[in-house]
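Hi,

Here is the structure I promised to pass on. Have a look at it first, and then read my notes below.

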Amino acid sequence: MEEATAIAIIMFVVLFPIIMTVILMSVGGRSDKLRNALAVATSAITFLLVLSLYPFVMSGEVIQHTLFEMLPNLEISLRLDVLSFSLAAIASFIWFLCTIYSLSYMATEHGGSRYYPVLIFTLGSCLGIFLAGDLFTLFVFFELMSLIAYILVVHEETETALKAGYKYLVMTIIGGLALFFGIILVFEIGGTVSLGINEIIGEASWLALLAFICFLIGFGMKAGMFPLHVWLPDAHPVAPSPASALLSGVMLKTGAYGLFRVIFNVFSVELMQSSGWDIVLGVLAIITILLGSAVALTQNDIKRRLAYSSIGMMGYVLLGLSILNDNAITGTVFHIFSHAIMKSCLFLAAGSIIWKTGKRKISDMGGVGRQMPFTMGCFSIAALAMIGIPPLNGFLSKWTLGLGALDANLTFYAFVLMVSSLLNALYYLPIIVPAFFEIVGEGSHDLKFHIQDSPPSMLAPLVILALCTIIFGLMPFNIPFDLSGLASQFLLHRGF
């Protein structure tokens with residue numbers, strides 16, 4: 001593939017969903033069927049366009065293209081390498097499935113003419129983050145995604161949703177200001193914010209430390225890092241379930257991606273380790289893992305339990321970024337991929353259960369597996385993957401992260417991963433076991449125990465995601481895991 005062709009595709013990947021947003025808004029009030037079809041087609045075409053970049057990525061080259069320069073050394077640019085491709089591919093894949101799921105889910109909900117344009121615009125913003133060529137471009141798309149996602153959070157327009165949206169908006173503004181200040185500091189120190197091959201800042205200083213703290217706040221807030229996680233358990237449960245799946249499965253990863261770029265392109269592995277910043281990140285990661293898992297145990301609302309679980313799972317990503325060796329980074333990238341699949345499946349399954357039965361409390365879900373066997377079966381597979389049961393993909397990501405911790409002689413980190421898996425089992429198994437084998441909790445007698453599962457457009461994405469947890473587990477041919485290894489080599493050794 002010629003570089004000019006690749007550049008054109010990258011530009012189209014980012015701009016196509018944003019352009020289609022305008023079209024979706026114009027047809028939304030005229031024909032719901034046309035609007036829905038255009039939304040699905042947009043997400044499908046975007047996913048296929050991202051996949052078309054695979055041959056170029058595998059050549060080992062990096063595309064860096066400047067669209068235009070705003071000020072000297074401050075530009076809007078795009079970039080493609082193996083890491084950005086991997087995250088863009090999984091994001092567009094999950095988005096496509098969630099858009100299909102939305103067809104039946106949103107058919108009985110209000111605000112469809114607002115929901116679909118916002119959904120597609122957010123897709124373009126997310127891909128703009130993953131394909132940004134410099135920190136300023138990344139910041140622009142990061143803020144666009146964060147602000148427009150507010151509409152998804154408050155979609156239900158209930159008092160609870162509006163309160164959660166307000167908290168989300170306040171935290172977004174705080175994170176955005178911190179991120180902007182960090183970019184200014186990097187520009188002042190290094191004279192550029194371009195995400196080139198070499199790092200921008202090579203020596204520790206007070207300004208460099210302040211920039212690192214700013215990035216940690218800005219990107220850590222979006223990634224659900226302690227103590228900036230406070231918006232997440234309120235925002236995810238109140239959003240429509242497909243939006244919850246995207247908030248957790250994809251949009252949290254934009255924060256993790258930002259930290260990847262900060263550590264490897266703004267600073268360097270050597271600077272992180274010599275200055276001790278990796279230890280700071282490791283401590284925050286451990287607290288995030290244990291806090292998210294521990295609080296998830298106390299939640300009776302299924303979507304709040306999943307939201308707190310997401311906090312713990314994102315702690316895994318932060319932990320891998322603090323270890324900074326081949327196995328750790330491979331496991332981290334693969335865990336981003338795995339978590340996107342597992343948690344999207346869980347949120348969509350939970351949404352189907354709520355949509356069909358009206359049950360949100362876990363204590364009321366005894367026997368729901370007999371009423372919705374396929375939906376609950378998919379939920380169970382994804383939950384077992386989250387626990388880390390082999391041969392599912394969650395086991396492979398945790399195993400590789402554990403190897404990275406042991407390679408770095410950080411035995412305590414490996415122990416934390418084991419404790420976290422135990423906690424995962426303690427808050428997922430009480431959902432799965434009663435669903436199939438018991439009838440527990442008040443109101444459970446209301447359930448009619450005959451098969452009345454989700455409609456095909458909601459069930460198909462669940463089945464695909466559940467199958468992916470198996471296919472991308474301990475299989476001989478595992479493209480996402482191979483891409484994760486290549487991303488690790490590229491980041492740590494500047495090539496593969």
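Phe 334, Phe 337, Phe 472 and Phe 481 are linked into a cluster by ring pairs. Rings of Phe, Tyr and Trp (its six-membered ring) count as a pair if their centres lie within 6.5 Å; planes under 30 degrees apart are called stacked, over 60 edge-to-face, and the rest tilted. Before you go on, note that this is a predicted model: local features need pLDDT of at least 70, side-chain atom pairs count only at pLDDT 80 or more, and totals for chains, interfaces and linings use all residues. Residues are numbered from 1 along each chain as its sequence is written, and side-chain values use heavy atoms, with hydrogens and water left out.

Back to the rings: the structure has 21 aromatic pairs. One of them is Tyr 54 with Phe 85, which is tilted because the centres are 5.9 Å apart and the planes are at 45°. Tyr 54 belongs to helix H3 (residues 54–58) and Phe 85 to helix H4 (residues 82–105), so this pair ties together parts 31 residues apart in sequence. Helices here are DSSP runs (H or I, at least four residues), numbered from the N terminus. Buried means under 20% relative accessible area, exposed over 50%, and partly exposed in between (1.4 Å probe, protein chains only).

Phe 260 and Phe 264 make a stacked pair, with 6.2 Å from centre to centre and 20° between the planes. They sit four residues apart in helix H10 (residues 241–266), so about one helical turn separates them. Both ends are buried: Phe 260 has 0% relative accessibility and Phe 264 has a relative accessible area of 1%.

Now the inside. Phe 267 is in contact (heavy atoms within 4.5 Å) with residues including Phe 212, Phe 215 and Trp 277, leaving aside neighbours within four places in sequence.

The largest pocket holds about 390 Å³. Its lining has 20 residues, and Ala 89, Phe 337, Ile 479, Pro 480 and Leu 483 lie nearest its centre. H4 gives the largest share of that lining, six residues. A pocket, on a 1 Å grid over the protein atoms alone, is an open set of points with protein on both sides within 12 Å along at least five of seven lines, and lining residues have an atom within 4 Å of a point. Grid points are joined across faces, edges and corners, and a volume is the space filled by probe spheres set on the points.

Cheers

Conventions. Helix = DSSP H or I, 4+ residues; strand = E, 2+ residues; numbered from the N terminus. 1 Å grid on protein atoms, 1.4 Å probe; cavity = no way out; pocket = protein on both sides within 12 Å on 5 of 7 lines; lining within 4 Å.
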